[in-house]
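Here are some notes for someone opening this structure for the first time. They are set out as numbered points, to be read with the structure in view.

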Amino acid sequence: MALDYLKKATAEGDAEKLIRYVRLHFGDGNEAAGRKEIDKAWIESLKLLLDVPETDRKFILKTLAEKDAATLAHLFFHLHFYFVKRSGEWIHDGEL
Amino acid sequence: MENSNNSQQQRPGLWATVNERYPGSMITKNDFIPLAKLKKPLAESRLTFISTAGVQPKNSMPFDTVHPIGDYTFRRVPSYSKPKDLEIHQLKYPTVGAKRDLNVIFPIERLQELAKEKIIGELAPNFFSFIGYNMDAQKLEETLAEDIAEAVNAEGSDVALLAPA
């Protein structure tokens, strides 16, 4: 099964297999598109900080300190899709 | 009818290489359970509908479309809902057509019409919906499928119409 494939790659430390999966996941089956999607999320995040707006660092630090790693990982996936969608170049057309 | 191969199809050839893209995701099962035979005519049967379209009532907890391993929950969709009361949370199929007319992916009004015309005896109180992106087939079978089957049985359905998105 697909999950077994990922767990085996994790156990074997096979980062190449895992990153390929992540890119395929974000790119809906297209590895190059997935890589671009990841870059897009980072670029969108960067753009929002260029003018050094005030941000809620207390919230960020509190969240990082208080939430478990799995919740933060889940949040990380949410943030990826949030910023890609915000960029306006959305290869998906569904709702988060 | 509009050509389905127009530019709105955003991911042409998506399924052609699925096993290469998601190794192990295409499952072969050796055990075979035959489809159950109808015990009474359709016109006397209670029908439910089960879909992977990610359709859900507005204001219900959105399906987890971002989780890399999938979402193993389902939503009840009251069978006499109006499309305006429903929404789609799903990233793995293009929803352009479904947003124009939900019935193309989740034919709730067509089933309501068939029940009204007595071609179907009646609709079960609820239809059932989940998202098709699930990386753990065993969990899908042993939890989500079992949970839906239990919910379907609890409503006394005679027929279940299954439709993948």
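1. A:Val52 sits in the loop that runs between H3 and helix H4 (57–66) of chain A, where helices (H or I, at least four residues) and strands (E, at least two) are DSSP runs numbered from the N terminus. Although A:Val52 is not a glycine, its phi is positive, about 50°. A:Val52 counts as exposed because 6 other C-beta atoms lie within 10 Å; a residue is buried with 20 or more other C-beta atoms within 10 Å of its own, exposed with 12 or fewer, and partly exposed in between, the C-beta atoms being placed from the backbone.

2. A word on the source: this is a predicted model, in which local features need pLDDT of at least 70 and side-chain atom pairs count only at pLDDT 80 or more, while totals for chains, interfaces and linings use all residues. Residues are numbered from 1 along each chain as its sequence is written, and chains are lettered from A and ligands numbered from 1 in the order in which they are written.

3. Chain A contains 5 helices and 0 strands, and its pattern along the sequence is α-α-α-α-α. The C-alpha trace of chain A spans about 45 × 35 × 25 Å along its principal axes, and buried residues account for 14% of the 96 residues in the chain. Of the contacts in chain A between residues at least 6 apart in sequence, 38% join residues at least 24 apart, a contact being a pair of residues whose C-beta atoms, placed from the backbone, lie within 7 Å.

4. Helix H2 (residues 15–26) of chain A has 12 residues, and the distance from its first C-alpha to its last is 16 Å, close to the 16 Å expected at 1.5 Å a residue; the expected span is 1.5 Å times one less than the number of residues. After H2(A) comes A:Asp28, with a positive phi near 50°.

5. How do the helices around H2(A) meet? The axes of helix H1 (residues 2–11) of chain A and H2(A) come within 8 Å and cross at roughly 140°, and H1(A) is therefore oblique to H2(A). Axes here are lines fitted to C-alpha atoms, for helices over the stretch in contact, and angles run from 0 to 180 degrees between N-to-C directions; angles under 35 degrees count as roughly parallel, over 145 as roughly antiparallel, 65 to 115 as roughly perpendicular and the rest as oblique. In this contact A:Leu6, A:Ala9 and A:Thr10 of H1(A) meet A:Lys17, A:Leu18 and A:Tyr21 of H2(A).

6. The axes of H2(A) and H3(A) come within 7 Å and cross at roughly 85°, so H2(A) is roughly perpendicular to H3(A). The residues of this contact divide into 4 nonpolar, 2 polar and 5 charged, where Ala, Val, Leu, Ile, Met, Phe, Trp, Tyr, Cys and Pro count as nonpolar, Asp, Glu, Lys and Arg as charged, and the others, Gly among them, as polar.

7. Helix H3 (residues 31–49) of chain A also packs with helix H5 (residues 69–87) of chain A, at an angle of about 80° and with the axes 8 Å apart, and the two are therefore roughly perpendicular to each other. The residues of this contact divide into 3 nonpolar, 3 polar and 4 charged.

8. Chain B has 4 helices and 7 strands, and its elements run α-β-β-β-β-α-α-β-β-α-β from the N terminus on. Buried residues make up 27% of the 165 residues in chain B, and of its contacts between residues at least 6 apart in sequence, 78% join residues at least 24 apart.

9. The largest nonpolar core has 24 residues, of which B:Val55, B:Leu102 and B:Phe106 touch the most other members; such a core is a set of buried Ala, Val, Leu, Ile, Met, Phe, Trp, Tyr and Cys residues joined through C-beta atoms within 7 Å. The largest share of this core, 3 residues, comes from E1(B). Leaving aside residues up to four places away in sequence, B:Val55 touches B:Val77, B:Leu86, B:Ile88, B:Leu102, B:Phe106 and B:Ser129.

10. Two loop residues of chain B deserve a look. B:Asn59, in the loop between strand E2 (55–57) and strand E3 (75–78) of chain B, has a positive phi near 75°, and B:Asn59 is exposed, with 8 other C-beta atoms within 10 Å. B:Lys39, in the loop between helix H1 (18–21) and strand E1 (46–51) of chain B, is exposed with 9 other C-beta atoms within 10 Å.

Definitions and conventions: Two residues are in contact if their C-beta atoms, placed from the backbone, lie within 7 Å.
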